[in-house]
Amino acid sequence: MPPAKAASSRRSAPRAVPSTPSAAPAAESEPGSASPWAPVSHREQQREAKRNAVLQAAAQLFNERGFHATSLDDIAARLNVTKPTLYYYVKNKDEILLQCVGKGLAMMLEGINASRAAGGKAIDQLMTCMQVYARIVTQDFGMCLIRVGDEQVPPESRKELRRLKSAIDQEFRRLVADGVAEGSIQPCDPKITAFVIAGALSWIGRWYQPGGEYTAEQVAQQCIATLCDGVLRRPAQAPAPHVAPALTAQRRSASVKAKAPARSGKT
C-alpha cells in the first residue's frame, strides 16, 4: 500500500503547477493587450460612416444620371464594393432615395431653425434662411431633393416628406409676414412671396454644376441679391435725360469711324 500511495502522489503533482506564482500570469491577459475586435461603439460608428458613404454615392449618381437610370450595381461600383455588400446598410434603392431626400430636408430645417433661434429682425432671419437654403441645394443631398423630387419616393413616405417641405414653406411665410409688419419688407402676399423665394432658390439645385464659373457661395449671393433688389433700376439710379442722346451720338460717331477705313480702301 505505501508504494501505491507514493505513485498516486507523483501523478497528482503536475496538477499543482498552475497554482504556483510563476505560472499565474499565463492565465491572464498581458497588460496593455488589445482585443482584435473594436468596441461596439466604434463598430457602430464605422457602420454609420459606411452607410453615409453609400447614401452620398447614391445621391451623386441620382443627380448625375437620374433615379431610374441608376442601379444598385452602379452605386456599388462607385464605392468599389459588391452589390451584396450594400444590403448590409440599406434594404433597396427606394430606401436609399428616401434617406437621401430626407437628409436634404433635415439639413434645411436644421439651418432654418438655427437662424430662427439666433433671433434678430425678421429680415435678418429671412436672409440667413435664404442663404442656408441656397447653400444646401448646391450640395449632394439638397440637390437630390430638388432634382429627383419626392414624387419618386415610395407612397408611404411621400406624405412625411411633404409635411417637412410644408414646414419650410411655412417658415418662409412667417418671416415674410413678420418682415412686412416690421417695415423691412414691402407689403405683399406672404404665401406668393414665399413660393417665389423657395422656387427661385430651389432651381439653383437643377442648373448649378460644381466646378463651374461661379462657386456655390457666389451663386447664392447673386441669386439672393436679385430676389431682394429686383432687376429693374430704381428711378434715382436712372441716367439723366440728356445722357441718352449723348450716348447715341457717340455710338453713331464710332460706327462712322469704323466704316471709314473700308470705304477709303476701295478708292
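This is a predicted model: local features need pLDDT of at least 70, side-chain atom pairs count only at pLDDT 80 or more; totals for chains, interfaces and linings use all residues.
Helix α5 covers residues 93-117, and helix α8 covers residues 155-182. The crossing here is left-handed. On the α5 side, the residues involved are L98, V101, G102, L105, M108, L109, I112 and R116. They meet S157, L161, L164, K165, A167, I168, E171 and R174 of α8. Sorted by class, this contact holds 10 nonpolar, two polar and four charged residues.

Staying with α5, the helix also holds S115. Relative accessible area for S115 comes out at 7%, and buried means under 20%, so S115 counts as buried. A polar atom of the S115 side chain lies 2.7 Å from the backbone oxygen of I112, and I112 is itself one of the α5 residues that meet α8. Setting aside neighbours within four places in sequence, S115 is in contact with Q125, T128 and C129.

Helix α8 has another partner in α9, which runs over residues 190-207. This time the angle is about 120°, and the axes are 8 Å apart. The two helices are therefore oblique to each other, and α8 passes α9 in a right-handed crossing. From α8, the contact draws on D169, F172, R173, V176 and A177. From α9 come P190, K191, T193, A194, F195 and I197. The class count for this contact is seven nonpolar, one polar and three charged residues.

The loop between α8 and α9 is where C188 is found. Its relative accessibility is 30%, which makes C188 partly exposed. Leaving out residues up to four places away in sequence, C188 touches V176, V180 and T193. Two of these names have come up already: V176 of α8 and T193 of α9 both belong to the contact of those helices. Along the chain, C188 and V176 are 12 residues apart, while the C-alpha to C-alpha separation in space is 8.5 Å.

The remaining pairing is that of α2 with α3. Helix α2 takes in residues 40-65, and α3 takes in residues 72-79. They pack at an angle of about 120°, with axes 9 Å apart, and that makes α2 oblique to α3. The crossing of α2 past α3 is right-handed. Here α2 brings A53, V54, A57, A58, Q60, L61, E64 and R65 to the contact, and α3 brings D74, I75, R78 and L79. By class, those residues divide into seven nonpolar, one polar and four charged.

Is N80 buried or exposed? The relative accessible area is 72%, and exposed means over 50%, so N80 is exposed. The backbone of N80 also stands out for its phi, which is near 60°, a positive value in a residue other than glycine.

Terms used. Residues are numbered from 1 along each chain as its sequence is written. Side-chain values use heavy atoms; hydrogens and water are left out. Axes are lines fitted to C-alpha atoms, for helices over the stretch in contact, and angles run from 0 to 180 degrees between N-to-C directions. Helices (H or I, at least four residues) and strands (E, at least two) are DSSP runs, numbered from the N terminus. Angles under 35 degrees count as roughly parallel, over 145 as roughly antiparallel, 65 to 115 as roughly perpendicular and the rest as oblique. A crossing is left-handed if the near helix is turned anticlockwise from the far one by less than a right angle, and right-handed if clockwise. Contact means heavy atoms within 4.5 Å. Ala, Val, Leu, Ile, Met, Phe, Trp, Tyr, Cys and Pro count as nonpolar, Asp, Glu, Lys and Arg as charged, and the others, Gly among them, as polar. Buried means under 20% relative accessible area, exposed over 50%, partly exposed in between (1.4 Å probe, protein chains only). A polar contact is a pair of N or O atoms within 3.5 Å; within protein, one must be able to donate a hydrogen and the other to accept it, and residues adjacent in sequence count only if both atoms are side-chain atoms.
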